[in-house]
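Here is a friendly tour of one protein model, taken feature by feature. Please have the sequence and the 3D view open side by side as you read.

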Amino acid sequence: TSGDISIDGKAVGDADRNRSVVFQSPALLPWRTALGNARYGLDLWRVPRAKANARAKEMLELVGLGPWGHSFPHELSGGMQQRVNLARALAVDPEILLLDEPFAALDAQSREAMQKELLRVWTATQKTSLFVTHQIDEAVLLADRVIVLGRGPGHVKEIIAIDLPRPRDDRVRRERAFFEYEDRIRSLIRSDTSGAG
C-alpha cells in the first residue's frame, strides 16, 4: 500500500522515455498501419518523421513484421498485433520494458510463438524487463528471477533465481531443472491458496 520506485537511484514519477509498456491487449490504433502504431511513441516525443519511420521499421523487422508495415490492425492476426505492440514499446529505446500479461489473450500456439519471439528479441536488445504472468512455465522459461507474490497486497513470498543457460529454446522445457523450478513455484502458490474457502 506504500513505497517508492526508483531506477538507478532516481525516483520514478511521470511518463518517461526510459520505460515502455507492452499491454495485455495490443491496444493498437485502428486507423494507423503497423508502421504508424510502432511509430506512435516516437510521434508523441516529436521525433522527426524520417528518423521515427526508420526506427519503427527497424523494430518491426526485429519482431518479424517487416513486410507488414503497411497493414492495418484488422488485417493482422492476434499474435501479429501483439508483435506490433512489442515493436511500439521498443521503438522509444526504453531502459526498462514492462510487460503486463502480454500473451494472456493468445491461443496456446501463438503464445509459444510469442515466447520464442520475446526470447529472441531479448537476446538482441538485452532490455531489462518486468514480465507479469500467471503461467508458471512461462515465468521459468523467460525469467532470470521469478518473484512469487502472495495473496496480500505487496506480499512477496519468495524471489527465485532461475539458473538456466541462455539462449533458451524449447529443449529447456524438458530439463529436470526446469521441472524443479516449476514445482517449487507451484508449491509456493499452493501454500497460499490451501487455506482458502
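## Salt bridges

A salt bridge here is a side-chain nitrogen of Lys or Arg within 4 Å of a carboxyl oxygen of Asp or Glu. Side chains of opposite charge can pair when their charged atoms come close. Before we look at examples, a word on the source: this is a predicted model, in which local features need pLDDT of at least 70 and side-chain atom pairs count only at pLDDT 80 or more, while totals for chains, interfaces and linings use all residues. Residues are numbered from 1 along each chain as its sequence is written, and side-chain values use heavy atoms, with hydrogens and water left out.

The structure holds 17 salt bridges. One of them pairs D137 with R173, with 3.1 Å between the closest N and O atoms. D137 lies in helix 5 and R173 in the loop between strand 7 and helix 6, so this pair ties together parts that are 36 residues apart in sequence. Helices (H or I, at least four residues) and strands (E, at least two) are DSSP runs, numbered from the N terminus. R173 also meets D170 in a salt bridge, at 3.5 Å from N to O.

How covered are these partners? R173 is buried, with a relative accessible area of 16%, whereas D137 is partly exposed at 24% and D170 is partly exposed at 26%. In these terms, buried means under 20% relative accessible area, exposed means over 50%, and partly exposed lies in between (1.4 Å probe, protein chains only).

The side chains of E180 and R176 form a salt bridge with an N to O distance of 2.9 Å. Both residues belong to helix 6, and because they are four residues apart there, about one helical turn separates them. E180 is partly exposed at 43% relative accessibility, while R176 is exposed at 65%.

## The largest pocket

The largest pocket has a volume of about 1,300 Å³. Its lining counts 40 residues, and those closest to the pocket centre are L130, F131, V132, R145 and I147. Two or more lining residues come from each of strand 4 (96-100), helix 4 (108-125), strand 5 (128-132), helix 5 (136-142), strand 6 (145-149) and helix 6 (176-193). By class, this lining has 25 nonpolar, eight polar and seven charged residues.

Some terms are needed here. On a 1 Å grid over the protein atoms alone, a pocket is an open set of points where a 1.4 Å probe fits, with protein on both sides within 12 Å along at least five of seven lines; lining residues have an atom within 4 Å of a point. Grid points are joined across faces, edges and corners, and a volume is the space filled by probe spheres set on the points. For the classes, Ala, Val, Leu, Ile, Met, Phe, Trp, Tyr, Cys and Pro count as nonpolar, Asp, Glu, Lys and Arg as charged, and the others, Gly among them, as polar.

## The second largest pocket

The lining divides into 11 nonpolar, two polar and four charged residues.

## A nonpolar surface patch

I147, L149, V156 and I159 make a nonpolar surface patch of about 370 Å². Strand 6 and strand 7 (156-161) each give two or more residues to the patch. I147 lies in strand 6 and is partly exposed, with a relative accessible area of 45%. I147 is also among the residues closest to the centre of the largest pocket.

Patches are made of residues with over 30% relative accessible area and no salt bridge, with nonpolar side chains (Val, Leu, Ile, Met, Phe, Trp, Tyr) joined within 5 Å and like charges within 9 Å. Accessible areas come from the Shrake-Rupley method with a 1.4 Å probe; for residues, only the protein chains shown count as cover.

## Backbone details

The peptide bond from R166 to P167 is cis, with omega near 0 degrees, and P167 is found in the loop between strand 7 and helix 6.

D8 has a positive phi of about 55 degrees although it is not a glycine. D8 sits in the loop between strand 1 (6-7) and strand 2 (10-11) and is exposed at 70% relative accessibility. D93, likewise not a glycine, has a positive phi of about 55 degrees; D93 is placed in the loop between helix 3 and strand 4 and is partly exposed at 48%.
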